[in-house]
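Trainee: I am new to this structure. Could you take me closely through one part of it, the way one chain is built and divided?

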Amino acid sequence: MIADRIEKLAPSGIRAFFDLVLGMPDVISLGVGEPDFITPWKIREKAITALEEGFTSYTSNQGLFVLRQDIARYLKKKYSLYYTPKEEILITVGVSEGFDLALRAILEPGDSVIIVSPHYVSYPALVEVAYGKVLYLVTKEEDGFKINPKKLCELVKKNPKAIVLNYPSNPTGVTYSREELKEIWKILSSKEILVISDEIYGELTYDADHVPVASLDKKAKRQTILLSGFSKGYAMTGFRVGFACAHKKIISAMTKIHAYSMLCGPIISQLAATEALKAQREVIQMRQEYKRRRDFIVKELNALGLSVTQPQGAFYCFPSLGKFKLNSLEFAKKLLFEEKVAVVPGRAFGKEFDSYLRISYANTLDNLKKAIIRIERFLKKLP
Amino acid sequence: MEEILEILEENARISLEDLAKLTGRNKKEIERVIKGFERKGVIVKYKTVINKDKVKGEKGVVAIIEVKVIPQKDVGFDLVAERIYRFPEVKSCYLLSGTYDLLLVVEGKDIHTVANFVSEKLAPLSSVKGTITHFMLKKYKEDGVILVKEDKMRRLAITY
């Protein structure tokens with residue numbers, strides 16, 4: 001009774017591993033994909049006030065106009081990116097919904113989409129749900145987990161409808177400089193390939209400024225669907241509010257699906273998001289804290305022989321198991337049972353990455369230190 | 001503010017090693033910078049924030065005292081303030097604008113001790129025109145730390 005393509009969606013051994021972690025008390029978890037900060041108080045306070053004042057209705061399908069205006073202003077100020085609030089911005093329920101809408105709006109059955117792996121888990125699944133075909137562009141540790149232009153040229157020959165970019169990346173933390181983006185864009189712009197750019201971690205970029213691909217030039221803006229939101233940089237995961245910016249034709253198509261399926265994002269969350277854009281000081285503080293933790297954990301993991309490609313954003317690193325002869329799931333399970341430290345096995349992010357782990361440093365320094373001591377003890381026991 | 005100061009303000013007990021790892025500088029350099037701060041009086045003291053309500057057998061009282069004083073020629077408030085902040089009972093002393101001049105935080109073992117301090121030491125000073133004593137009933141937040149209720153993290157142990 002279940003549709004074939006849904007039946008085939010891969011939950012795999014990872015789901016079972018997650019259940020193990022959730023059932024075990026006193027675990028130090030480096031497996032969490034969300035901030036360890038609670039939403040800054042001024043944002044929470046805005047949500048409380050909104051409720052008190054009786055803001056409990058629907059909003060327009062596209063989302064509160066004030067919020068779209070604020071987002072337009074923010075993108076203009078921060079990235080010199082101009083989107084009109086009326087036609088080119090849609091408020092979504094997190095980037096997840098925005099991503100789903102983008103695919104459903106642009107794909108004909110059988111259209112192919114390039115996904116750069118290691119990739120966030122939802123991408124291939126949602127492409128398949130939208131009747132698309134996935135073309136994997138598998139990156140290598142030697143290339144710093146970045147897109148290899150030659151490989152991209154090869155895949156572009158297969159006439160994909162779109163490519164999904166995600167930088168800073170979940171799970172590697174790797175991001176792209178303006179120059180690197182230009183090189184990628186040069187290849188893409190030769191064909192009419194749409195770019196779905198998930199830049200949810202853009203606010204959490206540490207060593208240089210984040211560059212949206214849409215800001216490269218006019219054509220790049222026209223061909224890009226920029227997805228972002230408030231979950232990570234503003235520690236608002238539970239509010240479920242994100243946004244999509246693109247050419248008005250695309251936004252209008254996405255809004256149609258959104259209007260029929262979601263109707264609109266929750267009004268309380270949308271109002272809270274207007275306050276979030278005023279909380280730049282809190283964002284900077286959180287970013288600084290993540291950066292320090294990154295410097296700490298990367299040094300420690302490298303010293304333990306779990307070599308890490310330097311992450312420049314998000315709050316993940318993707319160490320290689322290298323000389324330790326266990327696959328990622330076995331390693332994660334053993335580490336969980338023996339030392340009560342949870343990490344996410346690399347295979348969750350692509351089958352080629354079974355000798356990697358995703359470690360999240362969205363945790364207190366104390367916990368990170370304890371976890372490192374436990375991992376060290378664990379590694380010593382390995383043959 | 002210098003990054004090292006920011007970290008120390010949050011946790012004065014952090015090791016030099018951890019400071020080095022967090023800031024990407026080496027231990028020697030950090031030690032030298034901290035020594036410099038100590039010498040210049042940028043770092044005054046390393047203190048522990050204690051929630052005294054939770055300490056067994058601790059029965060002290062805290063009073064906030066507003067003091068109106070007569071400033072003196074040439075030195076203004078500084079000499080009067082010095083006479084007052086030298087008392088060991090006075091934990092903090094600030095000069096403020098507004099309806100009174102000095103604000104004191106005074107600690108004593110009970111109400112009587114503080115009352116005696118006010119009536120026998122503080123009020124009789126010739127430059128003190130008047131005092132208003134407020135006894136503290138409950139501390140909610142001190143030095144940026146919420147004492148009564150911490151935010152609880154409710155996120156799941158593992159997610160993508």
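Mentor: In chain A, of the contacts with a separation of 6 or more, 74% are between residues 24 or more positions apart, where a contact means that the C-beta atoms of two residues, placed from the backbone, lie within 7 Å. This is a predicted model, in which local features need pLDDT of at least 70 and side-chain atom pairs count only at pLDDT 80 or more, while totals for chains, interfaces and linings use all residues. Residues are numbered from 1 along each chain as its sequence is written, and chains are lettered from A and ligands numbered from 1 in the order in which they are written.

The secondary structure of chain A comprises 14 helices and twelve strands, counted as DSSP runs numbered from the N terminus (helices H or I, at least four residues; strands E, at least two). The radius of gyration of chain A is 21 Å, close to the 21 Å that the globule rule gives for 383 residues, so chain A is as compact as a globular protein of that length; the radius is taken over C-alpha atoms, and the rule is 2.2 Å times the number of residues to the power 0.38.

Chain A is divided into domain 1 (4–39 + 281–381) and domain 2 (57–278), with bounds from an automatic or database domain assignment. The contact between them takes 31 residues from domain 1 of chain A and 31 residues from domain 2 of chain A. On the side of domain 1 of chain A that touches domain 2 of chain A, the elements giving two or more residues are helix 12 (280–303) and strand 9 (316–317) of chain A, and helix 12 of chain A supplies the largest share, six residues.
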